[in-house]
Amino acid sequence: MGRLAGLERDLTIAEERYKTRLNAALKTCASGVWGLFGTNDAAHAASPLAASLRSFDAEELLTLGQSVGRLRERLGYVEAFALHERFLSYRRAAKDPNAPGEPKLARMFIEELEREEETKR
């Protein structure tokens, strides 16, 4: 297998892993577990006890998203990893004081992804 083919395979695997982890994290958040969208990150940073409540799902997704981005750059892709960019967009939106709570945001994101899947079929 050539170098580029190997990187393409790695990218496909990383993107699928990201999608799987995001779907699982969204379902967890939609069930009432906060932290995925970073609404309370500032409070967590200020308190060691609160820091233990941070979402490991969010941290993993942020790390995976960066890894996918680096692979895409190495392959010369101009466009960013759209799914990760949307996750980051939801994280930014969650910090707005008028934004819905994280569980509702998670349900909105899930519904958006489901509509896209239906459109692809």
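How are α1 and α6 oriented to each other? In the predicted model, helix α1, spanning residues 3-30, packs against helix α6, spanning residues 102-120, at an angle of about 135°, and the two axes lie 8 Å apart. Because angles over 145 degrees would be needed for a roughly antiparallel arrangement, α1 and α6 are therefore oblique to each other. The handedness of the crossing of α1 and α6 is left-handed. On the side of α1, the contact is formed by Lys19, Leu22, Asn23, Leu26, Lys27, Cys29 and Ala30, while α6 contributes Glu102, Pro103, Ala106, Arg107, Phe109, Ile110, Leu113 and Glu117. Sorted by class, the residues of the contact of α1 with α6 comprise 9 nonpolar, 1 polar and 5 charged.

These two helices belong to a protein chain whose secondary structure amounts to 6 helices and 0 strands, and which, when read along the sequence, has the pattern α-α-α-α-α-α. The protein chain has 121 residues, of which 33% count as buried. When contacts in the protein chain between residues at least 6 apart in sequence are considered, 72% of them join residues at least 24 apart.

The crossing in which α5 passes α6 is right-handed, whereas that of α1 and α6 is left-handed. In this contact, Leu83, Arg86, Phe87, Tyr90 and Ala94 of α5 meet Leu105, Met108, Phe109, Glu112, Leu113 and Glu116 of α6. The contact of α5 with α6 contains 8 nonpolar residues, no polar residues and 3 charged residues. Phe109 and Leu113 of α6 are listed in the contact with α5, and Phe109 and Leu113 are likewise listed in the contact with α1.

A further packing arrangement involves helix α4, which runs over residues 56-74 and packs against α5 at an angle of about 140°, with the axes 10 Å apart. That angle makes α4 oblique to α5, and the crossing of α4 and α5 is left-handed. Ala58, Leu61, Leu62, Gly65 and Gln66 of α4 make the contact together with His84, Phe87, Leu88 and Arg91 of α5. By class, the contact of α4 with α5 is made up of 5 nonpolar, 3 polar and 1 charged residues. Phe87 of α5 takes part in the contact with α4 and is also found among the α5 residues that meet α6.

Two arginine residues can be described individually. A polar atom of the Arg91 side chain lies 2.7 Å from the backbone oxygen of Leu36. Arg70, by contrast, is found in helix α4 and, at 48% relative accessibility, counts as partly exposed. The C-alpha atom of Arg70 is separated by 9.8 Å from that of Ala80, a residue 10 residues apart from Arg70 along the chain.

Definitions and conventions:
Residues are numbered from 1 along each chain as its sequence is written. This is a predicted model: local features need pLDDT of at least 70, side-chain atom pairs count only at pLDDT 80 or more; totals for chains, interfaces and linings use all residues. Side-chain values use heavy atoms; hydrogens and water are left out. Axes are lines fitted to C-alpha atoms, for helices over the stretch in contact, and angles run from 0 to 180 degrees between N-to-C directions. Helices (H or I, at least four residues) and strands (E, at least two) are DSSP runs, numbered from the N terminus. Angles under 35 degrees count as roughly parallel, over 145 as roughly antiparallel, 65 to 115 as roughly perpendicular and the rest as oblique. A crossing is left-handed if the near helix is turned anticlockwise from the far one by less than a right angle, and right-handed if clockwise. Contact means heavy atoms within 4.5 Å. Ala, Val, Leu, Ile, Met, Phe, Trp, Tyr, Cys and Pro count as nonpolar, Asp, Glu, Lys and Arg as charged, and the others, Gly among them, as polar. A polar contact is a pair of N or O atoms within 3.5 Å; within protein, one must be able to donate a hydrogen and the other to accept it, and residues adjacent in sequence count only if both atoms are side-chain atoms. Buried means under 20% relative accessible area, exposed over 50%, partly exposed in between (1.4 Å probe, protein chains only).
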